[in-house]
Amino acid sequence: MENRTSFFHLHLISDSTGETLISAGRAASVQFHASQPIEHVYPLIRNRKQLLPVLEAIDHSPGIVLYTIVDRELADFIAERCREMGVPCVNVLEPVMNVFQTYLGAASRRRVGAQHVMNADYFARIEALNFTMDHDDGQMQDDYNDADVVIVGISRTSKTPTSIYLANRGIKTANIPIVHDVPLPESLIRATKPLIVGLVATTDRISQVRENRILGATAGFDRGDYIDRAAISEELKYARSLCARHNWPVIDVTRRSIEETAAAIVALRPKLR
């Protein structure tokens, strides 16, 4: 029997940016392979006037409603209207806040967008992002010792997106390509502060990603060697031996998402201190 994908409407209502809801909705919906969500995101909903057209849209395209609204009156209004329309709804943060309140013995301040406040942590993330962009793909090699993490690996091992993800968590991250027979910078070898991690993948995975890459007309570029499995295998062997020589941990990213790779790197940091 042919497997057919069904679709459903997923309405996400937030009084802030909606990032929390989007993550929660996708984390749940991905568990149901036969059904795909049609996402409707409504950010910055903070009063009834803004909410009414949203409720009309839900009535027109019924589905699952998830919301993060800290204003209790507005949240209750959403729940009431969803009951009237006969659509399921969940206030995503409320159960979590109830647990916090019970355990801590104090009521929450219910401040909209509190996770986005421009405090010291916020500016630390901005600084980390600036550092990471300046040190992408082997740039600015003189100050690797100022990094928290340095990622090394051959082409197409997701060094840059992993670095940016870590920077968004306030971790200053540089990344350097490993090229066969090209020595790594001495500033990296001498660095004592950062965690240095090597990323690898299977030969097939690297070849597949490289084949799908849009390649520029760089002078002297050899497409054949770039996607040749034997050549890639030698590159990976060289990268592994380089990491072993310097006692740098290696993470295989073949079946890891960027988030999972970043989590593995974060987990390594306290172990190696």
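Where is the place of Leu74? I found Leu74 in helix H3, residues 72-85. For helices I take DSSP runs of H or I with at least four residues, and for strands runs of E with at least two, numbered from the N terminus.

**Ground rules**

I am working on a predicted model, in which local features need pLDDT of at least 70 and side-chain atom pairs count only at pLDDT 80 or more, while totals for chains, interfaces and linings use all residues. My residue numbers run from 1 along each chain as its sequence is written, and side-chain values use heavy atoms, with hydrogens and water left out.

I looked up the accessibility of Leu74 and got a relative accessible area of 6%, which means buried. My cut-offs are under 20% relative accessible area for buried, over 50% for exposed and partly exposed in between, with a 1.4 Å probe and protein chains only.

Next I went to Asn130 in helix H5, residues 120-134. Asn130 is partly exposed, at 48% relative accessibility. Thr173 is 43 residues from Asn130 in sequence, and the C-alpha to C-alpha distance is 9.8 Å.

**The binding-site entry**

I checked UniProt, where an unreviewed entry lists Gly153, Ile154, Ser155, Arg156, Thr157, Ser158, Lys159 and Thr160 under "binding site". UniProt positions are in the numbering used here, feature names are shortened, and annotations may be inferred rather than shown by experiment. Of these residues, Ser155, Arg156, Thr157, Ser158, Lys159 and Thr160 are included in the lining of the largest pocket. A pocket here is an open set of points on a 1 Å grid over the protein atoms alone, where a 1.4 Å probe fits, with protein on both sides within 12 Å along at least five of seven lines; lining residues have an atom within 4 Å of a point.

I placed Ser155 in the loop between strand E5 (149-153) and H6, and its relative accessible area of 22% makes it partly exposed. Arg156 lies in the loop between E5 and H6 too, and is partly exposed at 37%. I noted a positive phi near 75° for Arg156, which is a residue other than glycine.

I found Leu44 in the loop between strand E2 (35-42) and helix H2 (48-60), partly exposed at 45% relative accessibility.

**Helix H6**

Which residues of H6 are buried? In this helix, residues 159-167, I have Lys159, Thr162, Ser163, Leu166 and Ala167 as buried. They sit on the same side of H6 because they cover an arc of only 140° around the axis, taken from the directions from the helix axis to the C-beta atoms.

**Cysteines and rings**

How many disulfides does the structure hold? I count 0 disulfides, with the cut-off being a pair of cysteine sulfur atoms within 2.5 Å. Cys89 is in no disulfide, and the nearest cysteine sulfur, that of Cys82, is 4.1 Å away. Cys89 is partly exposed at 26%, whereas Cys243 is buried at 2%.

Last, I looked for charges over rings, meaning NZ of Lys or CZ of Arg within 6 Å of the ring centre and within 35 degrees of the ring normal. Arg48 lies over the face of Phe77, 3.8 Å from the ring centre. Arg210 lies over the face of Tyr226, 4.4 Å from the ring centre.
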